[in-house]
Amino acid sequence: MKLRLGESSRKLALISGAGTRLGVFLAKGLGEAGMDIALHCKHSTRGAHILAQRLRRQGICAEVFVADFEEAEGPQRLAQEVCKRMGVPHILIHNAAVMEGKVFGRTSVECLDRLWKVNVRAAFLLSQQLAGPMRRRGGGSILHILDIAGVGQTWKGYAAYAMTKAALAQLCRSLAKELAPRLRVNAIAPGLVLPAEGISVEATARLVSKIPMKEKVSPESLVQAMFFLLSNKSMTGQILVVDGGRSL
């Protein structure tokens, strides 16, 4: 599927958390559509560099940027470095996230702060840093990767995590109003795509059995949802749930 955002043949996308899991699929999809890619990572530097090399072999300009979103200056440094080395992005995808399951009464301040800083504050600050340059350059799109835990599902033991994803959903809607008409802001709320690390095959099978479609969300479905929101000029402030019916 080709992504059309304007007349120029070269567009740039910045994807946070692009060195592993969902970020890899999003980056590959945009690369195959002809986008140049700025790949952000923190610890997954090896995966990010392997992906960058693969994209370059396809004729895509791809560079890796390392930034720690737990640091207040991390998002600002990332935005500035991307603009300096590759130019102002046409697309910003905030995919980086921390997922921690903790019983409410045992959730530490450190855990709460870590979830908030990476899942919400980084998205706010990245958008704040890049919105002005993106608008002055002519516009673009911001896309947040949420979770059905933040838009309808309630999971025991994930109160802090779900709270941050719900906050990110509200940030999507607020920025859609504030940044229009030059910038569109949307979000995807995936269901089960890749099981969390440490989840057994049996536990995964039990989760899949509760999904009406009786299967995990394919990475291809997630990429298709991304293309739809990025290419549809009438979509802003929308949260697209892609979960096989799990949140019904």
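Author: Let us start with Asp113, which is partly exposed, with a relative accessible area of 37%; buried means under 20%, exposed over 50% and partly exposed in between (1.4 Å probe, protein chains only). This is a predicted model, where local features need pLDDT of at least 70, side-chain atom pairs count only at pLDDT 80 or more, and totals for chains, interfaces and linings use all residues. Residues are numbered from 1 along each chain as its sequence is written, and side-chain values use heavy atoms, with hydrogens and water left out.

Reader: Thanks! Is Arg184 buried or exposed?

Author: Arg184 sits in strand β6 (residues 183-190); strands are DSSP runs of E, at least two residues, and helices are runs of H or I, at least four, numbered from the N terminus. Its relative accessibility is 9%, so Arg184 counts as buried.

Reader: Which side chain makes a polar contact with the side chain of Arg184?

Author: A polar contact is a pair of N or O atoms within 3.5 Å; within protein, one must be able to donate a hydrogen and the other to accept it, and residues adjacent in sequence count only if both atoms are side-chain atoms. A polar atom of the Arg184 side chain lies 2.8 Å from the backbone oxygen of Asn232. The side-chain partner, at 3.3 Å, is Ser141.

Reader: How many residues line the largest pocket, and how much space lies in it?

Author: On a 1 Å grid over the protein atoms alone, a pocket is an open set of points where a 1.4 Å probe fits, with protein on both sides within 12 Å along at least five of seven lines, and lining residues have an atom within 4 Å of a point. A volume is the space filled by probe spheres set on the points, which are joined across faces, edges and corners. The lining has 43 residues, with Arg21, Ala97, Val98, Met99 and Tyr161 nearest the centre. The space in the pocket is about 1,200 Å³.
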